[in-house]
Amino acid sequence: QRASSAGTLPSGWIATAGADKQLKVWNTESGELIRSIATGEKPATALASSPDGAELTMADGANRVLVWNPHNGLLQHILRGHAGVVHATGFVPGAGRLITASADKSVRVWDISQTWQDAVDMGPFDDRVVALDFSPDSKLLAIGGGAPAARGELLLWDVEKNELHKKFDNAHSDTVFGVASMLLHILKVEE
């Protein structure tokens, strides 16, 4: 079965989560499997590593985000709040926050500094949200999604102000499945 997501850990490890309902941590130098974790009943839909490599977030088909310790394989937290499948997760570097994007047309900001609680609900968006990426300075968040076979949605969100920075009309003729921070850097230079 194919792996559905991969997240790089700063410690020279890489993590993968697949349709086989396994979270695996690998050594990038030797290729050795360090740890394999059975993750539950639903396959993974997204995976991200915290900037310090202390946590892995894995979204699953049960509309949850599971927070794992990659070093000991223990489940630390289960984040609930989305009404649809979570398609993307990402840590805000240095901010103590996690961003999650879902088919329920929402993006949530979680306070992970101490409480791991839902702090802010961004949106609503026109349709499902499936892609996230931060600008190099982490001030802007690119959000991609949209309605299948109808239109793609691309937004830039101001993370600090929690408000829309820019909306790109007719970004694609179908769902935007990926966004990249390099694009954000170019757009910021042009303004």
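Four strands line up as an open, antiparallel sheet in the order S13-S14-S15-S16. Strands here are DSSP runs of E with at least two residues, helices are runs of H or I with at least four, and both are numbered from the N terminus. Two strands pair if DSSP finds at least two bridges between them. S13 and S16 sit at the edges with a single partner strand each, so one side of each has no neighbour in the sheet. On average, neighbouring strands of this sheet are turned by 20 degrees against each other, direction ignored, with axes taken as lines fitted to C-alpha atoms.

Keep in mind that this is a predicted model, where local features need pLDDT of at least 70 and side-chain atom pairs pLDDT 80 or more, while totals for chains, interfaces and linings use all residues. Residues are numbered from 1 along each chain as its sequence is written, and side-chain values use heavy atoms, leaving out hydrogens and water.

| S13 | 129–134 |
| S16 | 163–172 |

Elsewhere, Arg108 belongs to strand S11 (residues 107–111). Arg108 counts as buried because its relative accessibility is 13%; buried means under 20% relative accessible area, exposed over 50% and partly exposed in between, with a 1.4 Å probe and protein chains only. Its side chain reaches the backbone oxygen of Gly81 at 2.8 Å.

Zooming out, the protein chain has one helix and 16 strands, and 45% of its 191 residues count as buried.

Terms used. Polar contact = N/O pair within 3.5 Å; in protein donor to acceptor, adjacent residues only side chain to side chain. Axes fitted to C-alpha atoms, helices over the stretch in contact; angles between N-to-C directions.
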